[in-house]
Amino acid sequence: MRADRDEILQAVSSAVLAVTRHLSVREVLQVIVRSAQRLLDARYAALGVPDDDGSFAEFVAEGITDKQWDAIGPLPRQHGMLGVMLREGAPARLPDIRKDPRFEYWPKAHPVMKDFLGVPIRDGEEVLGIIFLANKRTPGGFTQEDQDLLTLFAAHAAIALTNARLYERGRELAMLEERNRVARELHDAVTQKLFSLRLSAQAAGAMLEQAPDKAAVELERVQRLAGEALSELRAVIVELRPAELDRHGLSETLRKHVRLLDRLHPSVVAFECAELPPLDSAVEVAVLRVAQEALHNALRHSGATHVLVRLSYEDGKLVLIVRDDGSGFEQAESRGLGLVSMRDRAESVGGVMTVESSPGRGTTVRVEVGV
């Protein structure tokens, strides 16, 4: 039992460290699930955080591939055994979940699960979520000792999850303050420029017939003011950090974006991601924007049938690849594809972007950023 408790402490330590590394709530959930799966030698492990609409705000799992998830469909509702555990807040240990009268059904593509162990993650009277395991690899199913271990682990996981939520809430407040600052900058800088621009345009219009030379001077002033306003507006917009990044982090935000595009377009859009280290905020924004622009090009201009987005960590660098099998293009004919702004974004965080393309052979955009 001493060894088991040491394992628990190590597993909990991983979850707590995930918070101190400034990972999102979802990433902390993934650390908890992965730790519980290893701790009790289960083939499947999952953790669901309920929302107020009868479904789950977050649901992460180990043992199920992305392809299986896509086939299973939307996040589960709070029905069957999950709903019972949320309402009652009590552990459940079953030799075969399918034979329990509280079990209802699984989606068609759901893997077959037999022995089941579920434990609520509680903060006082509130059930923060449910962690459950299925199909213990060791013969005989889950034991009372397994239940005791998972209950102890869940008590400590509640601390990690609560801390992650508090940290994320702090980030949201900081983001709100930052957006208020941006709004003030927009009002103070850009609005004044636009007001001056309007006055200069009116003056030029009034002088156009009677004093064309003075009108030309005013029009030059209009052009200069418009350019300054545009530059300041761009600078402010670049500073805005997408809200999804603060909630989910780069990998999950991009995964959700890819899934949405896959549903909206006839092309098959796939996403692959290896485990990533903690990333700087500016790097996340820049890489996300480059990926979005590259996806836009692939889906709107290339005629691709397959598009792959891949994030990985190689030799101390974050690597983004967006590859399509579309029509490709000559490098000299790349105007209008946003490649310059994409390259500028990559270089703004010390990264390098390369583009490989030729007619009929598709396009590969690759970004490498040292992290």
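**A helix and its strands**

Helices here are DSSP runs of H or I with at least four residues, strands are runs of E with at least two, and both are numbered from the N terminus. Packing is judged by contact, meaning heavy atoms within 4.5 Å. Buried stands for under 20% relative accessible area, exposed for over 50%, and partly exposed for anything in between, using a 1.4 Å probe and protein chains only. The buried set is G80, M81, L82, G83, V84, M85 and L86. After α4 comes G89, with a positive phi near 65°.

Before going on, a word on what you're looking at. This is a predicted model, where local features need pLDDT of at least 70 and side-chain atom pairs count only at pLDDT 80 or more, while totals for chains, interfaces and linings use all residues. Residues are numbered from 1 along each chain as its sequence is written, and side-chain values use heavy atoms, leaving out hydrogens and water. The predictor's per-residue confidence, pLDDT, runs from 0 to 100. For the protein chain the mean pLDDT is 80, with 79% of residues at 70 or more. Confidence is lowest in helix α1 (residues 2–20), with a mean of 57, and highest in strand β8 (residues 317–324), with 96.

Two strands count as paired if DSSP finds at least two bridges between them.

Zoom in on β4 and β5, which run antiparallel and are joined by 8 bridges. One place to look is V119, whose bridge partner in β5 is I131.

Two residues around here have backbone angles worth a look. Most residues other than glycine have a negative phi. D41, in the loop between α2 and β1, has a positive phi near 55°. With a relative accessibility of 31%, D41 counts as partly exposed. N135 sits in strand β5 and has a positive phi too, near 60°. N135 is buried, with a relative accessible area of 15%.

Now for the other sheet. This open sheet has 5 strands in the order β6-β7-β8-β10-β9, and its pairing is mixed. At the edges stand β6 (268–273) and β9 (352–357), each with a single partner strand, so one side of each has no neighbour in the sheet. Neighbouring strands are turned by 10° against each other on average, if direction is ignored. Within this sheet, β7 (residues 306–314) and β8 pair in the antiparallel sense over 8 bridges, and E314 stands opposite K317 in β8.

Which helices lie across these strands? α8 lies across β6, β7, β8, β9 and β10 (363–370), running at about 10° to β8. Helix α9 (residues 339–348) lies across β9 and β10, at about 145° to β9.

You can check the length of α8 yourself. The expected span of a helix is 1.5 Å times one less than its number of residues. For the 21 residues of α8 (residues 281–301) that should give 30 Å, and the end C-alpha atoms are 30 Å apart, which agrees. At the start of α8, a side-chain oxygen of D280 comes within 3.0 Å of the backbone nitrogen of A282. After α8 you reach G303, with a positive phi near 70°.

Finish at G351, in the loop between α9 and β9. G351 is buried, with a relative accessible area of 7%. Leaving aside residues up to four places away in sequence, G351 touches A346, E368 and V369. The C-alpha atoms of G351 and V287 are separated by 9.3 Å, although these residues are 64 apart along the chain.

Definitions and conventions
Polar contact = N/O pair within 3.5 Å; in protein donor to acceptor, adjacent residues only side chain to side chain. Axes fitted to C-alpha atoms, helices over the stretch in contact; angles between N-to-C directions.
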